[in-house]
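Subject: Handing over a structure

Hi there,

Here is the structure I promised to pass on to you. Have a look at it first, and then read on for what turned up in it.

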Amino acid sequence: MTKTGKGGGMAAEVSERERGEEWLVRHLPPPLAGILPERLTGLSDDSRTVRTGNLFLLRTEGEFEKRYLDEAIQKGAALLVVARRHLPDVMERRGAQASQIPVCVVENIQEAAGVIASAWWGDPSGSLSVVGVTGTNGKTTSSFLVRSILEASGQRTGLIGTVWFDLGGGLAEAPQTTPGALTLQRAFRQGLDNGLAGISMEVSSHALAQDRVAGTTFSAVHFTNLTRDHLDYHKSFEEYFEAKSRLINWVNPDGTMPPAVINVDDPYGERLAGEIARKGGRRLLTYGHAGERSIRPDGIRISLDGIEGSLVIPGGEIRVEAHLPGDFNLQNIMGAVGCALAIGLSPSAIEKGIRELPGVPGRFERVNPGGAFAVIVDYAHTDDALKNVLTALRPLTPGRVITVFGCGGDRDRGKRPRMGRVAGELSDVVVVTSDNPRTEDPGAIIDEIEPGIRESGRPFYREEDRRTAIARALSLAAPGDAVLIAGKGHEPYQIIGREKSHFDDRETAREILSGMEKRK
């Protein structure tokens with residue numbers, strides 16, 4: 001879940017541009033109190049970042065917090081934008097602190113933040129090809145594929161997602177999958193100023209539920225699948241689905257509706273596609289393995305080295321040569337192809353983009369190419385994602401499949417026995433360990449995973465220490481086996497208690513393998 005700053009949202013850096021009264025009148029509702037200032041110096045939705053002359057959006061998700069408003073006023077906010085439900089409290093505090101500060105009222109403060117930020121930065125997404133992907137699994141790989149295809153077509157393309165942010169100035173570690181509204185619109189502006197023509201981005205269910213992408217113009221939207229996840233945040237699975245579906249039903253600020261690309265092998269994707277088809281007015285591209293799909297495979301071969309074959313597309317076919325193994329990656333490829341077709345890219349650019357993507361960090365990433373047994377790191381942290389990876393790995397492995405995994409603490413507890421069941425049913429040996437236990441007892445988390453493994457009758461080991469667990473799995477492996485280290489993927493850290501320390505599954509596995517070689 002997104003952690004909020006004082007006042008509610010992710011902090012956006014104070015802008016260097018200034019906006020005058022004309023802009024204020026055009027983009028904000030008339031103030032209910034006070035007179036609009038002659039100019040603004042920037043935007044903020046975090047009271048800690050407010051500077052003199054800023055517009056301050058009081059984005060409090062829960063109850064009114066007077067200290068955030070007080071701090072913003074004390075730091076020199078020149079205009080307050082608040083939700084109607086907080087107006088009485090705001091007027092009382094404003095009267096006590098600075099009665100002359102104007103107050104503009106909106107019904108949905110989170111949506112207003114995105115719309116205002118987009119206007120402030122000159123509607124940057126309207127000048128970019130922005131492709132958004134949502135779903136439980138596959139978002140990261142799909143976004144990397146789309147970016148590679150756009151680049152192959154000659155369009156410099158940025159990336160916003162779980163692994164990296166790239167806005168044209170180099171790669172940076174992602175602070176969160178989809179940033180807050182003010183930060184996101186400023187990122188679009190930065191990308192545009194850096195010469196980008198497009199941005200491929202992941203859109204999380206949290207971001208959709210919190211209106212972080214409000215004010216964004218999408219060129220295409222993509223739904224991968226829906227399985228159990230984030231039910232610590234969403235009240236029900238149906239609410240989770242509704243959050244995801246908001247992207248597929250997106251209406252751009254100018255009223256246009258971006259094409260929708262949907263995996264109809266997934267039952268929720270099929271439901272979404274049916275709803276889109278009935279409503280009409282939006283181009284729909286579907287993909288899946290068989291039947292009446294816009295995009296489907298034809299003569300595909302999958303190995304540990306990747307995928308080769310052809311895809312049938314509207315009006316023809318394209319050749320696929322990918323360095324991404326597994327049927328789940330075939331689905332990701334089909335979705336990316338759909339997005340590329342939706343924005344008018346050529347088959348040759350699509351083929352080149354897929355071929356030139358070397359892989360995705362922490363997604364079915366082999367850490368010991370050429371080894372006697374395969375060692376693969378993957379981000380799979382839901383039962384469906386784990387099932388997809390293990391189902392893909394099994395037919396490619398002549399020997400045993402040994403799986404190392406755990407479940408995160410302070411997150412959805414219901415998926416723990418489900419993940420244990422999947423690991424047990426689809427592995428030969430399981431080593432259950434810690435993921436990011438956070439403030440929960442690691443042993444207690446494993447206790448909740450264990451019943452699912454026991455149902456399968458498979459042999460398993462308990463190792464709370466993740467490094468010890470990886471070492472155990474590697475020591476068990478023989479030539480022809482495969483060791484899957486699942487759950488953390490690209491993450492270079494582990495969170496125990498409230499402490500975040502360096503830990504990278506790929507790095508750890510290579511160190512242990514190197515030590516094993518030296519002892520031979």
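**What was found**

Let's begin with Thr217, which sits in the loop between helix H7 (205–209) and strand E12 (220–223). Helices (H or I, at least four residues) and strands (E, at least two) are DSSP runs, numbered from the N terminus. Before going further, please keep in mind that this is a predicted model, in which local features need pLDDT of at least 70 and side-chain atom pairs count only at pLDDT 80 or more, while totals for chains, interfaces and linings use all residues. Residues are numbered from 1 along each chain as its sequence is written, and side-chain values use heavy atoms, with hydrogens and water left out.

Thr217 has a relative accessible area of 15%, so Thr217 is buried (buried means under 20% relative accessible area, exposed over 50%, and partly exposed in between, with a 1.4 Å probe and protein chains only). Not counting residues up to four places away in sequence, Thr217 touches Asp123, Ser125, Gly126, Val130, Asn252 and Pro253; contact here means heavy atoms within 4.5 Å.

The loop between H7 and E12 also holds Asp211. Its phi is near 60°, a positive value in a residue other than glycine. Most residues other than glycine have a negative phi. Asp211 counts as buried, at 10% relative accessibility. Arg438 is another residue to look up: its phi is near 55°, again positive in a residue other than glycine. You will find Arg438 in the loop between strand E21 (429–432) and H14, where Arg438 counts as buried at 17% relative accessibility.

**Helices that pack**

Two packed helices are described by the angle between their axes and the distance between the axes. Axes are lines fitted to C-alpha atoms, for helices over the stretch in contact, and angles run from 0 to 180 degrees between N-to-C directions.

Take helix H5 (residues 139–152) and helix H10 (residues 327–342), whose axes are 9 Å apart at an angle of about 45°. H5 and H10 are therefore oblique to each other (angles under 35 degrees count as roughly parallel, over 145 as roughly antiparallel, 65 to 115 as roughly perpendicular and the rest as oblique). From H5, the contact uses Thr141, Ser142, Leu145, Val146 and Ile149, and from H10 it uses Asn329, Asn332, Ile333, Ala336, Cys339 and Ala340. By class, the contact of H5 with H10 has 7 nonpolar, 4 polar and no charged residues. For these classes, Ala, Val, Leu, Ile, Met, Phe, Trp, Tyr, Cys and Pro count as nonpolar, Asp, Glu, Lys and Arg as charged, and the others, Gly among them, as polar.

H13 packs against helix H12 (residues 383–393) at an angle of about 10°, with the axes 9 Å apart. That makes H12 roughly parallel to H13. Asp383, Leu386, Lys387, Leu390 and Thr391 of H12 make the contact with Lys415, Arg418, Met419, Val422, Ala423 and Leu426 of H13. The contact of H12 with H13 has 6 nonpolar, 1 polar and 4 charged residues.

H13 also meets helix H14 (residues 442–456): their axes come within 7 Å and cross at roughly 40°. That makes H13 oblique to H14. On the H13 side are Arg416, Pro417, Gly420, Arg421, Gly424 and Glu425, which meet Ile445, Glu448, Ile449, Gly452, Ile453, Glu455 and Ser456 in H14. The residues of the contact of H13 with H14 divide into 4 nonpolar, 4 polar and 5 charged.

Asp412 lies in the loop between strand E20 (401–405) and helix H13 (415–426). With a relative accessible area of 8%, Asp412 is buried. A polar atom of the Asp412 side chain lies 3.0 Å from the backbone nitrogen of Gly414.

Cys104 belongs to strand E6 (residues 103–106) and counts as buried at 0% relative accessibility. Cys104 and Pro31 are 73 residues apart in sequence, yet 4.4 Å apart in space, C-alpha to C-alpha.

Finally, Arg467 is in helix H15 (residues 466–476) and is partly exposed, with a relative accessible area of 36%. Leaving aside neighbours within four places in sequence, Arg467 is in contact with Phe503, Thr508, Glu511 and Ile512.

Key. A polar contact is a pair of N or O atoms within 3.5 Å; within protein, one must be able to donate a hydrogen and the other to accept it, and residues adjacent in sequence count only if both atoms are side-chain atoms.
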